[in-house]
Amino acid sequence: MIQVENLHFSYTKVPFIQNMNFAVHSGEIFGFLGPSGAGKSTVQKILTGLIGTYQGNVLVQNREVKHPHKDFYETIGVDFEFPSLYEKLTARENLRFFASLYKKTLPLEPLLESVGLASEADKKVAEYSKGMKSRLNFIKSLVHEPQLLFLDEPTSGLDPSNARLVKDLILEQKAKGRTIILTTHNMFDATELCDRVAFIVDGSIRALDSPRNLIMKRGAHQISYTYQSEGLEHQRNVGLSTTADDMMLQMLIKENHLLSIHSSEPNLNDIFSELTGRRLQ
Ligand SMILES: Nc1ncnc2c1ncn2[C@@H]1O[C@H](COP(=O)(O)OP(=O)(O)OP(=O)(O)O)[C@@H](O)[C@H]1O
Ligand SMILES: [Mg+2]
């Protein structure tokens, strides 16, 4: 669906994106995970044809994206990082307007319902909260049923239940066979949603794999357990490959005296900082 080869781009004379290479397969959720300023939105702007002054090859749907075919924007949907809505129009009027730019669109009412905005659809966007704008901006990218979706921080500013709603809608899009490029600095979203994730720092990709592989490859797999002794709670860690040698653990299991036990793989944030020397949050 997307092939990027030897991509170079800078906003200034100082090099920024240098020799970036990656490919996105049809039907996958491909994530860009990186701290603020890493270049996530810049890459998205290049992939959506908004920045054409790059060097290298950026093929989206087999066409160089700086020379898009005339129906290109019918086939992609973009949820921009900052809501791009008309504040003086209501949510329904906004959707109706953006839908009018496309040849074929979905009915608007179910879309509004899907993100819990149906009852507020006649309010002016100026009176919307940050999270409401974010949800409206998200469904705006879906009105024309695009095959390829670019979502830049779609859950930022959302409370946990609305973030869940949006994440389920993203998974629904994937189930329909859509390809999704997701930009985030939230490692939980990346772990849950992405088939593959690229770690991006200072304009370059430092690692690219499925979240599970990234975790498992580096996983110093440990279990951690707690028990009580002389009125105090104690915690111990032991490698998964050496549990049989841990006499304390053996004894606690035999005597049913374990208080808790769980495995403690590193999370994506741990892997990210190990590979890049930077923290995400
Ligand atoms: N229009 C612009 N002109 C000049 N520099 C820019 C422009 N847009 C972004 N930059 C710079 O490019 C770098 C990458 O910005 P970008 O918006 O791609 O980061 P990001 O990874 O999306 O960060 P965030 O998580 O904060 O959204 C930053 O140093 C930023 O200051
Ligand atoms: Mg950004």
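Trainee: In which kind of crossing does helix 8 pass helix 10, left-handed or right-handed?

Mentor: Left-handed. Before you go on, two ground rules. Residues are numbered from 1 along each chain as its sequence is written, with chains lettered from A and ligands numbered from 1 in the order in which they are written. The model is predicted, so local features need pLDDT of at least 70 and side-chain atom pairs count only at pLDDT 80 or more, while totals for chains, interfaces and linings use all residues.

Trainee: At what angle do helix 8 and helix 10 pack?

Mentor: About 70°. Helix 8 covers residues 211-218, helix 10 covers residues 268-276, and their axes are 10 Å apart. That angle makes the two helices roughly perpendicular, a label for 65 to 115 degrees (under 35 is roughly parallel, over 145 roughly antiparallel, the rest oblique). The axes are lines fitted to C-alpha atoms over the stretch in contact, and angles run from 0 to 180 degrees between N-to-C directions.

Trainee: Which residues make the contact?

Mentor: Helix 8 brings Pro211, Leu214, Ile215 and Arg218. Helix 10 brings Leu268, Ile271 and Glu274. Contact means C-beta atoms, placed from the backbone, within 7 Å. By class, that gives five nonpolar, no polar and two charged residues. Ala, Val, Leu, Ile, Met, Phe, Trp, Tyr, Cys and Pro count as nonpolar, Asp, Glu, Lys and Arg as charged, and the others, Gly among them, as polar.

Trainee: How many helices and strands does the protein have?

Mentor: Ten helices and 13 strands. The C-alpha trace spans about 70 × 50 × 35 Å along its principal axes.

Trainee: What makes Val197 count as buried?

Mentor: It has 27 C-beta neighbours inside 10 Å. Buried needs 20 or more; 12 or fewer is exposed, and anything in between is partly exposed. The count clears the cut-off, so Val197 is buried. Val197 sits in strand 9 (residues 196-201). Leaving out residues up to four places away in sequence, Val197 touches Gly31, Leu33, Ala190 and Pro211. Pro211 also belongs to the contact of helix 8 with helix 10.

Trainee: What share of the protein is buried?

Mentor: Buried residues are 33% of the 281.

Trainee: Why is helix 5 called mostly covered?

Mentor: Nine of its eleven residues (130-140) are buried. They are Met132, Lys133, Ser134, Arg135, Leu136, Asn137, Phe138, Ile139 and Lys140. The cover includes strand 6 (76-79), helix 3 (91-99), helix 4 (108-114) and helix 6 (160-175).

Trainee: Why does Asn6 count as partly exposed?

Mentor: Its count is 13, which means partly exposed. Asn6 lies in strand 1 (residues 2-9). Asn6 too has a positive phi, about 50°, without being a glycine.

Trainee: Which residues are around ligand 1?

Mentor: Tyr11, Gly34, Ser36, Gly37, Ala38, Gly39, Lys40, Ser41, Thr42, Glu81 and His185. Each has its C-beta atom, placed from the backbone, within 6 Å of the ligand. The shell divides into two nonpolar, seven polar and two charged residues. His185 is also a contact of Pro35.

Technical notes:
Helix = DSSP H or I, 4+ residues; strand = E, 2+ residues; numbered from the N terminus. Contact = placed C-beta atoms within 7 Å. Left-handed = near helix turned anticlockwise from the far one by under 90°.
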